[in-house]
Amino acid sequence: MEFTKMHALGNDYIIINEFDGEKVKEEEKAEFSRKICRRGFSVGADGVIFIQKPTSDEYDVRFRIFNSDGSEAEMCGNGIRCFSKYVYERIMKKNPLRVETKGGLRVSEMEIEGDEVKKIKVYMGVPKFKLKDIPMVVDGYKEDDEFLNGELKLKNPYLPKVKLSVVNVGNPHAVIFVEDNGIDLDFVREHLDVIGKEIEHHEAFPERINVHFVKVLNPNEIRIVTWERGAGYTTACGTGTTASVIIAHKLGKTSNRVLAHLDGGDLEIEIKDDDIYMIGDAVMVYDAKLLNIGW
Ligand SMILES: N[C@@H](CCC[C@H](N)C(=O)O)C(=O)O
């Protein structure tokens with residue numbers, strides 16, 4: 001099977017082109033993704049992206065994303081930039097590109113030089129804040145309530161409780177401002193695999209959650225360290241950056257245009273009235289043929 005390895009800010013994906021036909025059977029996609037993402041034993045990646053024909057005329061193309069643990073996510077910001085570049089350069093010269101995702105319609109507008117996509121601006125849909133839309137279940141809150149800088153009890157020995165905010169931008173995110181929790185990003189890095197994992201799997205989140213630790217540097221810049229649902233630590237998360245800026249803006253911490261500094265590089269988020277845009281690039285690393293998926 002042929003595949004392409006791509007990344008955006010070090011968040012790396014295996015792209016499988018199924019536009020002209022299925023290459024991995026539907027019932028095998030989860031197991032296939034888990035195996036092929038295993039670093040050292042197989043190709044290794046944070047996830048797998050399948051390019052498919054859309055299910056209705058409303059869209060040009062369909063985006064599917066599986067995390068490295070085999071779970072299917074609704075959306076992926078870095079992934080959709082990789083996907084859009086691949087689709088434009090190799091499948092259809094459509095710009096803007098209307099993409100069907102499990103999280104709803106996303107529109108990619110590409111900056112082109114020659115035949116190459118240099119920059120991608122993605123319309124990120126309408127964020128949802130109600131607990132029923134995350135989903136989140138927590139004592140004292142009703143399903144139509146929002147959870148903004150609310151307190152959640154934890155069981156790990158390093159951080160017994162955390163103030164966090166939640167938003168769904170297609171997929172669910174918990175945003176934690178370090179300055180509101182009396183911690184810094186060095187502390188976060190030291191204990192990320194314990195604290196990140198605990199929040200991802202917390203009983204308050206029946207579908208698990210992506211977790212982002214954010215430091216506001218000034219109204220136009222933030223720093224983020226991410227723990228992803230289904231993938232653990234990653235160098236960057238596009239939907240997570242979008243979620244972090246939406247929450248920071250809603251809490252009055254930042255302006256409507258923010259440059260986010262992530263471990264893998266920088267990403268720009270713009271809020272224009274109710275519309276949210278993510279602006280960044282993507283890199284095609286190599287094309288290859290899979291000989292042995294590993295185990
Ligand atoms: N890295 C992604 C998000 C991938 C999906 C996520 N782990 C989830 O399960 O929701 C991004 O760039 O947005």
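UniProt positions are given in the numbering used here, and the annotations may be inferred rather than shown by experiment. The views below show a predicted model.

**View 1. The two cysteines recorded as active site.** An unreviewed UniProt entry places the feature "active site" at Cys76 and Cys237. Although these positions are spread over 162 residues of sequence, they cluster in space, with a largest C-alpha distance of 7.6 Å.

View 2. Cys76 is found in the loop between strand E5 (72–73) and helix H2. With 31 other C-beta atoms within 10 Å, Cys76 is buried, since 20 or more such atoms are required for that class. Beyond residues up to four places away in sequence, Cys76 touches Gly47, Ile65, Gly238 and Thr239.

**View 3. Surroundings of Cys237.** The loop between strand E14 (232–234) and helix H4 holds Cys237. Cys237 is also buried, having 32 other C-beta atoms within 10 Å. Leaving aside neighbours within four places in sequence, Cys237 is in contact with Asn11, Gly77, Asn78, Asn210, His212, Thr226 and Glu228.

**View 4. Helix H4.** H4 has 13 residues and reaches 18 Å from its first C-alpha to its last, close to the 18 Å expected at 1.5 Å a residue. Eleven of the 13 residues are buried, so H4 is largely enclosed by the rest of the structure. The buried residues of H4 include Gly238, Thr239, Val245, Ile246 and Ile247. Gly252 follows H4 and has a positive phi, near 75 degrees.

**View 5. The shell around the ligand.** Of the 19 residues around the ligand, Ala73, Asn78, Asn171, Gly238 and Thr239 come nearest. Strand E4 (61–67), helix H2 (77–91) and helix H4 (238–250) are the elements that give two or more residues to this shell. By class, the shell comprises five nonpolar, twelve polar and two charged residues. Both domain 1 (2–124 + 280–289) and domain 2 (131–273) give residues to the shell, so the ligand lies between them.

**View 6. The contact between the domains.** The chain is divided into domain 1 (2–124 + 280–289) and domain 2 (131–273), and the C-alpha centres of the two domains lie 24 Å apart. Their contact takes 22 residues from domain 1 and 20 residues from domain 2. On the side of domain 1 that touches domain 2, H2 supplies the largest share, three residues. The residues of that side divide into six nonpolar, twelve polar and four charged.

Note on methods: Residues are numbered from 1 along each chain as its sequence is written. This is a predicted model: local features need pLDDT of at least 70, side-chain atom pairs count only at pLDDT 80 or more; totals for chains, interfaces and linings use all residues. A residue is near a molecule or strand if its C-beta atom, placed from the backbone, lies within 6 Å of it. Helices (H or I, at least four residues) and strands (E, at least two) are DSSP runs, numbered from the N terminus. Ala, Val, Leu, Ile, Met, Phe, Trp, Tyr, Cys and Pro count as nonpolar, Asp, Glu, Lys and Arg as charged, and the others, Gly among them, as polar. Domain bounds come from an automatic or database domain assignment. Two residues are in contact if their C-beta atoms, placed from the backbone, lie within 7 Å. The expected span of a helix is 1.5 Å times one less than its number of residues. A residue is buried if 20 or more other C-beta atoms lie within 10 Å of its own, exposed if 12 or fewer, and partly exposed in between; C-beta atoms are placed from the backbone.
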